[in-house]
Amino acid sequence: MQTYGNYINGHMVEPVSGEYLDSDNPYTGEIWAQIARSNVADVNAATAAASAAFPAWASTTPTTRGKLLNNLAAIIEREALRLGEIEVRDNGKLIAEMAGQTTVMAEWYRYFGGLADKVEGSVIPLDRASTLNYTRYEPLGVVGLITAWNSPLLLLAWKLAAALAAGNCAVIKPSEFTSASTLEFMPLFEEAGFPPGVVNAVTGLGNECGQALVDHPDIVKLAFTGSDATGQHIYQSAAKQLKPVTLELGGKSPNIVFEDADFESAVMGVISGIFAATGQTCIAGSRALVQRSIHDAFVERLTEVAGEATIGDPMSMDTHVGPVTTEPQFQKILHYINVAREDGATCVMGGDLYTGPGSAGTRFVQPTVFTNVTNDMRIAQEEVFGPVLSVIPFDTEEEAIQIGNDINFGLAAGVWTQNIGRAVRVSDALRCGTVWVNTYRAVSFNSPFGGYKRSGLGRESGQEAIKEYLQTKSVWIAQDSSVANPFVMR
Ligand code: NDP
């Protein structure tokens with residue numbers, strides 16, 4: 001049994017309460033680790049360490065900060081497989097996916113390391129001769145970073161790389177279900193040469209440890225990935241202290257297939273959008289909008305290919321669909337399958353828990369496809385976060401856009417067409433932060449990612465993301481210091 005404390009000021013320390021929480025392996029069902037159950041006292045200690053480290057870190061030159069982030073990136077590449085295996089043990093997602101994520105996350109640290117000394121203020125050409133006015137970007141202070149269980153280290157990289165490059169210190173709170181990889185990651189900062197206290201991690205329950213972090217007066221900004229309900233709650237809490245927030249929330253993304261699409265590519269794209277990662281991804285293409293002329297043939301081919309997916313051990317490179325990460329999530333998926341049936345959708349594939357070969361008797365759901373779905377049904381409007389696809393027919397381009405946008409979320413969308421004009425028109429008309437044309441589930445360190453509507457606030461990745469962790473100062477220097485009239489604005 002592995003036991004993890006909190007990582008504060010460069011050391012693993014026991015939680016003040018002495019209490020721990022169990023963490024299970026979603027595939028075997030075994031409790032394999034214990035994590036600290038932290039409370040306000042632990043959050044206070046972590047925030048104090050980060051606050052003490054902040055002045056020196058903020059005045060470290062951006063070039064030096066960038067070099068440290070590059071050191072870290074090299075160490076991450078060395079440790080990627082080990083970290084990926086820990087994530088699989090904790091969240092049950094496929095080793096092919098998690099090791100890929102823990103490898104590619106190095107690129108976020110490298111990119112923002114490179115960006116650190118390229119954030120430039122400007123000299124403002126004022127309409128007065130004797131005053132120099134320039135802007136500079138300054139770090140915010142100690143930021144609180146809260147991540148979801150589905151991709152703990154990659155979601156952390158999207159926040160932490162930008163925050164550190166900008167000169168902030170951080171206190172991290174991973175999900176109680178998947179904290180181990182974050183704790184294993186922390187000592188790598190020391191090896192890379194980061195001063196103690198710049199990066200800290202506390203673990204525990206969301207409404208206890210997470211809330212204490214949100215409410216701490218010395219945490220000056222929050223960046224959160226999780227559900228829209230928790231995101232809304234955090235936004236309200238942060239508003240009491242006027243803290244800025246970056247929110248990466250849920251989605252109900254349309255994956256739109258036109259009759260002129262490359263049929264086989266579209267089938268693969270829709271499958272990748274919903275059954276990869278067992279559907280536990282914010283960008284899941286959980287609504288397949290399929291043009292009516294190809295609807296039946298498309299559903300037939302989709303269920304044929306998806307039906308061949310290998311279900312089982314996430315540590316095997318041959319597995320396509322693994323277990324569901326948490327018990328509450330498992331129950332939620334089964335609940336939504338019932339809701340879809342009760343609302344009149346037709347289940348043409350799956351529709352139950354999976355107990356067949358490879359299931360190990362644990363939390364498996366059959367890849368599930370519903371047809372006869374209308375966009376007003378709950379299965380089309382609410383995020384399931386599991387391998388459950390709703391197929392909705394449409395007739396015209398206008399109708400596809402209308403259905404695609406008729407949703408509270410706006411994280412992503414897929415468009416499958418060979419018609420370049422249509423690709424551009426539909427991409428422009430969709431109200432969401434990312435549109436993929438003839439591909440799906442692609443992200444990159446240098447491309448902005450974030451949501452419209454209830455899918456979030458702010459952007460991660462890409463050049464603009466570093467501004468989420470900076471504030472602008474305007475400096476005025478009068479060359480002629482005589483004060484003509486002190487009672488009027490200058
Ligand atoms: P939750 O919203 O339940 O939790 C997210 C994080 O917030 C966890 O670390 C959780 O801790 C913590 N938390 C819960 N309550 C509080 C609180 N009161 N104060 C502070 N922190 C709190 O989401 P899930 O973990 O269930 O993740 C799934 C959701 O995340 C889905 O809706 C999905 O769409 C979304 N998501 C969005 C992504 C994006 O980039 N847009 C990417 C990945 C997921 P604990 O787990 O310990 O309760």
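Visitor: Against which elements do the buried residues of α13 pack?
Guide: In this predicted model, helix α13 covers residues 397-405, and its buried residues (under 20% relative accessible area, 1.4 Å probe, protein chains only) are Glu-397, Ala-400, Ile-401, Ile-403, Gly-404 and Asn-405. Helices (H or I, at least four residues) and strands (E, at least two) are DSSP runs numbered from the N terminus, and contact means heavy atoms within 4.5 Å. The partners of these buried residues are β12, β13 (287-291), β16 (388-394), α14 (420-429) and β20 (452-453).

Visitor: At what pLDDT do side-chain atom pairs count?
Guide: Residues are numbered from 1 along each chain as its sequence is written, and side-chain values use heavy atoms, with hydrogens and water left out. Totals for chains, interfaces and linings use all residues, whereas local features need pLDDT of at least 70 and side-chain atom pairs count only at pLDDT 80 or more.

Visitor: Is Ser-253 buried or exposed?
Guide: Ser-253 is found in the loop between β11 (245-248) and β12 (254-257). Beyond its neighbours within four places in sequence, Ser-253 is in contact with residues including Ile-283, Arg-287, Leu-411 and Tyr-440. Its relative accessibility is 1%, so Ser-253 counts as buried.

Visitor: Which residue in β5 is the bridge partner of Tyr-4?
Guide: Two strands pair if DSSP finds at least two bridges between them. β1 and β5 (residues 31-36) have 3 bridges and run in the parallel sense. Within β5, the partner of Tyr-4 is Ile-35.

Visitor: Which strands stand at the edges of the sheet?
Guide: The sheet is open, with 3 strands in the order β1-β5-β4 and mixed pairing. Each edge strand has a single partner, so one of its sides lacks a neighbour in the sheet; these strands are β1 (2-4) and β4 (20-24).

Visitor: At what angle do helices α7 and α8 pack?
Guide: Axes are lines fitted to C-alpha atoms, for helices over the stretch in contact, and angles run from 0 to 180 degrees between N-to-C directions. The axes of α7 (residues 206-215) and α8 (residues 228-240) lie 9 Å apart, at an angle of about 35°.

Visitor: Which residues of α7 and α8 make the contact?
Guide: By class, the contact has 3 nonpolar, 3 polar and 1 charged residues. Ala, Val, Leu, Ile, Met, Phe, Trp, Tyr, Cys and Pro count as nonpolar, Asp, Glu, Lys and Arg as charged, and the others, Gly among them, as polar. From α7 come Gln-211, Val-214 and Asp-215, and from α8 His-233, Ile-234, Ser-237 and Ala-238.

Visitor: Which element gives the largest share of the lining of the largest pocket?
Guide: The largest pocket is lined by 36 residues, with Trp-149, Phe-224, Gly-226, Ser-227 and Thr-230 nearest its centre. The lining divides into 13 nonpolar, 16 polar and 7 charged residues. Elements giving two or more residues are α7, β10 (219-225), α8 and α11 (327-342). The largest share, 5 residues, is from α7.

Visitor: Is Asn-372 buried or exposed?
Guide: Asn-372 is not a glycine, yet has a positive phi of about 55°. Asn-372 lies in the loop between β15 (368-371) and α12 (378-381). Exposed means over 50% relative accessible area; Asn-372 has 51%, so it is exposed.

Notes: 1 Å grid on protein atoms, 1.4 Å probe; cavity = no way out; pocket = protein on both sides within 12 Å on 5 of 7 lines; lining within 4 Å.
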